Amino acid sequence: MQHVIVKLSEGRSEHQKQDLADRITETLQTVLGVEANAISIAVQDVSPALWYDAVYRPEIEEKKGYLYKKPGYCPR
């Protein structure tokens with residue numbers, strides 16, 4: 001079972017979020033060899049004003065060891 005959480009700065013359409021979820025599903029199936037019914041994906045919108053406290057600090061700064069793709073920006 002795989003569960004992916006994607007946190008985006010708000011403003012994407014439902015169509016864009018669904019397309020993203022579909023493509024992530026396809027990639028997991030191809031790379032990991034899992035069935036689509038073993039995948040769940042959540043997409044969370046985050047206000048840019050809250051990004052540092054809600055995402056950057058707890059999910060990026062404090063969990064650097066888990067990152068496979070590091071950001072090229074610093075929000076402060």
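Partly exposed, as used in these legends, means a relative accessible area between the buried limit of under 20% and the exposed limit of over 50%. The model shown is predicted.

**View 1. K63 and E59 are joined by a salt bridge.** The side chains of K63 and E59 meet at 3.9 Å, N to O. K63 has a relative accessibility of 35%, so K63 counts as partly exposed. Salt bridges with shared partners connect K63, E59 and K7 into one network.

**View 2. A salt bridge pairs E59 with K7.** The N to O distance between the side chains of E59 and K7 is 3.7 Å. This pair links distant parts of the chain, with E59 in helix α2 and K7 in strand β1 (residues 2-9), 52 residues apart. E59 counts as partly exposed because its relative accessibility is 31%. K7 has a relative accessibility of 28% and therefore also counts as partly exposed. Side chains of opposite charge can pair when their charged atoms come close.

**View 3. K17 and E14 form a salt bridge within helix α1.** Their side chains meet at 3.2 Å, N to O. Helix α1 covers residues 14-32, and K17 and E14 are 3 residues apart in this helix, so about one helical turn separates them. The two partners fall into separate accessibility classes. K17 has a relative accessible area of 10% and is therefore buried, whereas E14, at 60% relative accessibility, counts as exposed.

**View 4. V55 is a buried residue of helix α2.** Helix α2 spans residues 51-61 and contains V55. The relative accessibility of V55 is 4%; because buried means under 20%, V55 belongs to that class. Leaving aside residues up to four places away in sequence, V55 touches K7, V46, L50 and I60.

**View 5. V55 and S9 are shown by their C-alpha atoms.** The two residues are 46 positions apart along the chain, and their C-alpha atoms are separated by 9.9 Å. V55 is in helix α2.

Definitions and conventions: Residues numbered from 1 in each chain as written. Predicted model: local features only at pLDDT ≥ 70, side-chain atom pairs only at ≥ 80, totals over all residues. Heavy atoms only, no water. Helix = DSSP H or I, 4+ residues; strand = E, 2+ residues; numbered from the N terminus. Buried < 20%, exposed > 50% of the residue type's maximum accessible area, 1.4 Å probe, protein only. Contact = heavy atoms within 4.5 Å. Salt bridge = Lys/Arg side-chain N within 4 Å of Asp/Glu carboxyl O.
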